[in-house]
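Let's take a look at the aromatic rings in a protein chain. Have the structure open while you read.

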Amino acid sequence: MKIFLDSANLAELREAVSWGAIDGVTTNPSLVAKEGKEFFPLLKEICETVDGPVSMETVSRDAEGMVAEGVEFSKLHPNIIVKCPLTKEGLKATRQLSQRKIRVNVTLCFSASQALLAAKAGAFFVSPFVGRLDDISQDGMALIADIKTIYTNYGFTTQILVASVRHPLHVVAAARLGADIATMPFSVLEALVKHPLTDSGLERFLKDWEKLPASAKSTKPPASLAARPAASRRP
Ligand code: G3P
């Protein structure tokens, strides 16, 4: 499963890239507004920071406006994916953009019937929002299972991008169900790394290491062991 960062914050993106952890980025108008920067230059910098798909969301309410925005977005960088909402106008725009070979991420998906229509309109990604469903006592991950079944039944190539991810168990459940991608805020990515037994285990190893006399604990090899020719090394 691919991991995307759901963020428009360059510092977070750079940090995640340095871990080798992310395959792409999703943004939305709320995340972009939080940065308080100019939209196009920010998105361009994001594309230059992360080598993978970058979703950039349209803000028109009608198909004509979404298509016009999407065409401009797609010229910014080859990795741009145009985000359109799962409305009738968004589906029209998805169809037209995908006919022009512009990849679309259909967002704000909350039902299997919506996901079926997104695929039929030619969506490249569909973004079901699992956390926002959980928030209203509906089972977000059950929606992912339904979409997976439907897409598999009919061979739709639209990729399932699990969004509104709130915690590591959402990520694990998405991977178990065979989702293509999970996008998450930086806080969830950090939580994926952490385990208390890793931290306490490392503490114990390093404390034990301190017990060695200083003369014995150089981590650089002594001259007698360094730089032996390859042929004399044991396999
Ligand atoms: O990018 C869309 C989505 O991931 C939003 O998440 O936490 O605002 O529901 P959230």
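Buried means under 20% relative accessible area, exposed means over 50%, and partly exposed is in between (1.4 Å probe, protein chains only). With 8% relative accessible area, Phe129 is buried. Phe110 has 29%, so that one is partly exposed.

A quick note on where this comes from: the model is predicted, so local features need pLDDT of at least 70 and side-chain atom pairs count only at pLDDT 80 or more, while totals for chains, interfaces and linings use all residues. Residues are numbered from 1 along each chain as its sequence is written, and side-chain values use heavy atoms, leaving out hydrogens and water.

## Rings in pairs

How many aromatic pairs does the structure hold? There are nine. Rings of Phe, Tyr and Trp (its six-membered ring) pair if their centres lie within 6.5 Å; planes under 30 degrees apart are stacked, over 60 edge-to-face, and the rest tilted.

Take Phe40 and Phe73: their ring centres are 5.8 Å apart and their planes sit at 65 degrees, so this pair is edge-to-face. Phe40 is partly exposed at 33% relative accessibility, whereas Phe73 is buried at 3%. Phe110 and Phe129 also pair edge-to-face, with 5.5 Å centre to centre and 65 degrees between the planes.

## A cluster and a charge

Ring pairs also link Phe4, Phe124 and Phe125 into a cluster. Over the ring of Phe124 sits the charged end of Arg103, 5.2 Å from the ring's centre. To count, NZ of Lys or CZ of Arg must be within 6 Å of the ring centre and within 35 degrees of the ring normal.
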